Amino acid sequence: MTAATPHPPLTVSPEWLHQHVDDADLVVVDATAHLRVPTDGPAVLTSGAESYRPEHIPGAVFADLLVDFADPDAPQPFTAPDHERFAAAAGALGIGDGATVVVYDQHDGFWATRFWWHLRYEGFENVTVLDGGLPAWKAAGYDVTDVVPDLTPRTFTGTRRPELFRSTRDVADALDDERTVLVNVLDEATYRGEVDTYARRGHIPGSINLPVFTLRDPETGTLRPTEELRREFEAAGLLDDDRTVVTYCGGGIAATGVAHALALVGRDDVAVYDGSMNAWAGDPDLPLVTGDSPR
């Protein structure tokens, strides 16, 4: 094992991870959950624990975002728990002081960015995302395993960064704030209010639409070149330092994909609306509108 992992960038390639996978301080985390969204009707969520066991990157531990890293008493799934619950769960996996974390998932990368965002929200910065996730690792010809590693706990001592989080009340209070840009990252049909995925159709008034899936290469699942992303974000007015950017989606997962991509181009202060449409559409007193995006 090497002595220490160099501080990684916000994304790393399979080649980088393969070079460092045996580093003593490196913690590789599979953060997969499974989400099935029918054409119409509510989404179906399951833990990724069962699919992790037979096939994962050697040495990777599993973070259960649906159970261990969520508030068990919240009305919406994946709601961020209190800091103490998060710290205990992270520390049990070996995430904490002195560790470098690489997160991946088995799908489109947004479970990985959710855990990336959540670690940063809890005050842990030495975390990166494997670009393209497990599919990219396998496409590069690297081995997978069914061996579940022994856990080596660490102490997690991060301090929360409340500026990276928004509650439903926070979003409602900022609806008339021209300095706040709300970004809906769902597909265009859902944004326009053409499907019944959530309790009510539509989007939060004033929010623009930037579908998160457009940020990735459809062939490889990896992020588009940084300069392409920068131009798109500039056109949407998301790189203006005088404005606060808040992303939302269905349940606070895909929203972190846009937050992560914005961090790649230097905008690392983006907040995520944790409850997103699950919480907003579930409250009949909160406004929703339909139609095209104003951008």
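Reader: What should I know about the model before I start?

Author: The model is predicted: local features need pLDDT of at least 70, side-chain atom pairs count only at pLDDT 80 or more, and totals for chains, interfaces and linings use all residues. Residues are numbered from 1 along each chain as its sequence is written, and side-chain values use heavy atoms, with hydrogens and water left out.

Reader: In what order do the 5 strands of the open sheet stand?

Author: Start with the general idea. Strands of a sheet pair through backbone hydrogen bonds, either parallel or antiparallel. Here the order is β8-β12-β11-β9-β10, and the pairing is parallel. Strands are DSSP runs of E, at least two residues long; helices are runs of H or I, at least four; both are numbered from the N terminus. Two strands pair if DSSP finds at least two bridges between them.

Reader: Which strands stand at the edges?

Author: β8 (165–166) and β10 (208–209) do. Each has a single partner strand, so one side of each is left without a neighbour in the sheet. Take β8: it pairs with β12 (residues 271–273) over 2 bridges, in the parallel sense. Arg166 stands opposite Tyr273 in β12.

Reader: Which helix lies across β11 and β12?

Author: Helix α9 (residues 255–264) does. α9 runs at about 145° to β11 (244–248). Axes are lines fitted to C-alpha atoms, for helices over the stretch in contact, and angles run from 0 to 180 degrees between N-to-C directions.

Reader: How do α4 and α9 pack, and at what angle?

Author: Two packed helices are described by the angle between their axes and the distance between the axes. For α4 (residues 110–121) and α9, the angle is about 70° and the axes are 8 Å apart. The two are therefore roughly perpendicular, a label for angles of 65 to 115 degrees. The crossing is left-handed, meaning that the near helix is turned anticlockwise from the far one by less than a right angle.

Reader: Which residues of α4 and α9 meet?

Author: On α4, Phe110, Thr113, Arg114, Trp116 and Trp117. On α9, Thr256, Gly257, Ala259, His260 and Ala263. They divide into 5 nonpolar, 4 polar and 1 charged. Ala, Val, Leu, Ile, Met, Phe, Trp, Tyr, Cys and Pro count as nonpolar, Asp, Glu, Lys and Arg as charged, and the others, Gly among them, as polar. Contact means heavy atoms within 4.5 Å.

Reader: Which residues of α3 are buried?

Author: His83, Phe86, Ala87, Ala89, Ala90 and Gly91. Buried means under 20% relative accessible area, exposed over 50%, and partly exposed in between (1.4 Å probe, protein chains only). These buried residues of α3 pack against α4. Just after α3, Gly94 takes a positive phi of about 95°.

Reader: What is the phi of Phe78?

Author: Most residues other than glycine have a negative phi. Phe78 has a positive one, about 70°. Phe78 lies in the loop between β5 (61–62) and α3 (83–92), and is buried at 4%. Ser276 also has a positive phi, near 50°. Ser276 lies in helix α10 (residues 276–280). At 0% relative accessibility, Ser276 is buried. Beyond its neighbours within four places in sequence, Ser276 is in contact with Tyr248, Cys249, Gly250, Gly251 and Gly252.

Reader: Is Thr155 buried or exposed?

Author: Exposed, because its relative accessibility is 52%. Thr155 sits in the loop between α5 (133–139) and β8. Leaving aside neighbours within four places, Thr155 is in contact with Gly96 and Asp97. Thr155 and Asp97 are 58 residues apart along the chain, yet their C-alpha atoms are separated by 6.0 Å.

Methods:
Angles under 35 degrees count as roughly parallel, over 145 as roughly antiparallel, 65 to 115 as roughly perpendicular and the rest as oblique.
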